[in-house]
Amino acid sequence: MGHRLRRLSSAAGATVHCHIDLSVVAHERMSSCLRHLVKGGKPVAGVASVFWLVASDEPGVRDAAHAGVSTVCVAVEEAGAGAAAVAAARQLSLRPIAMLSPDLGAEPGRCADVAAVIGRAGAEAVILPVGTGAGDSQVRALLAPATRYAELHPLLGVRLPPGGARLAPLARDEFDVRHFWTCVGGRSAPRPSELLKALGVGPPDVNLGALFLAEHVPDAG
């Protein structure tokens, strides 16, 4: 499952791409969740991509391709393996959304260097991880080094911690971050509706009803 990026404008006028991680959804509930998020073969308003398979190397990317998805999360621990996995995804016509590891996020300078390599390899978005309990200063410290790389500008994204949606406007307004990783269950990142609300995105640019229904699926009895 995967579709072209859908762009929407936030209250500040910046382009926003909302990516939704469905990995917390049980296999038997996945189709129900997707019914809310994908209509007529396209993501509903407000959604750039949905995905649930994670690969950290080329064999993992091949497994994702064999599973029939078209978007894969590439988990990046270091530049070489991450770039190879992204390149493999492109060769297999998959859309790679790259997520850098928390260990890299703890070293902002190195994180930016690795992010640039991953971007050059063909990632559709390069997501930097913001740690649990982080505040404004930690977000600035993580993102500032990445501004050295002009090629990262349209690819740069963040995964904020659960409950951290209030930090999204800072990332957008001060660093022009365009990509935001969300978790449909709110367990590894803010829920999509929470994140978009914090950015001032609402109807008609986002189908909040569909998002709310999808967000209920992981906890449904």
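## A tour of the predicted model

About 180 Å³ of space lies in the largest pocket of this predicted model.

**Stop 1: the largest pocket.** Select Gly105, Pro129, Val130, Gly131 and Thr132, which lie nearest the centre of the pocket. They belong to a lining of 13 residues. Next, colour helix 4 (102-105) and helix 6 (136-143), the elements that give two or more residues to this lining. Helix 6 supplies the largest share, three residues. By type, the lining divides into eight nonpolar residues, four polar and one charged.

**Stop 2: the aromatic pair.** A search of the whole structure finds one such pair. Show the side chains of Phe51 and Trp181: their rings are arranged edge-to-face, with 5.1 Å from centre to centre and 65 degrees between the planes. Phe51 sits in strand 5 (residues 49-51) and Trp181 in strand 11 (residues 179-183), so the pair links parts of the chain that are 130 residues apart. Are these two residues buried or exposed? Phe51 counts as buried because its relative accessibility is 1%, under the 20% cut-off. Trp181 is buried too, with a relative accessible area of 4%.

**Stop 3: helix 9.** Select residues 208-216, then pick out Ala210, Leu211, Ala214 and Glu215, which are buried. Which side of helix 9 are they on? These residues lie on the same side, because they cover an arc of only 130 degrees around the axis. In an α-helix there are 3.6 residues a turn, so residues three or four places apart point the same way. Finally, show strand 2 (15-21), helix 1 (30-37) and helix 8 (192-198): the buried residues of helix 9 pack against these elements.

How values were computed. Residues are numbered from 1 along each chain as its sequence is written. This is a predicted model: local features need pLDDT of at least 70, side-chain atom pairs count only at pLDDT 80 or more; totals for chains, interfaces and linings use all residues. Side-chain values use heavy atoms; hydrogens and water are left out. Buried means under 20% relative accessible area, exposed over 50%, partly exposed in between (1.4 Å probe, protein chains only). Helices (H or I, at least four residues) and strands (E, at least two) are DSSP runs, numbered from the N terminus. The arc is that of the directions from the helix axis to the C-beta atoms. Contact means heavy atoms within 4.5 Å. On a 1 Å grid over the protein atoms alone, a cavity is a set of points where a 1.4 Å probe fits but cannot get out, and a pocket is an open set with protein on both sides within 12 Å along at least five of seven lines; lining residues have an atom within 4 Å of a point. Grid points are joined across faces, edges and corners, and a volume is the space filled by probe spheres set on the points. Ala, Val, Leu, Ile, Met, Phe, Trp, Tyr, Cys and Pro count as nonpolar, Asp, Glu, Lys and Arg as charged, and the others, Gly among them, as polar. Rings of Phe, Tyr and Trp (its six-membered ring) pair if their centres lie within 6.5 Å; planes under 30 degrees apart count as stacked, over 60 as edge-to-face and the rest as tilted.
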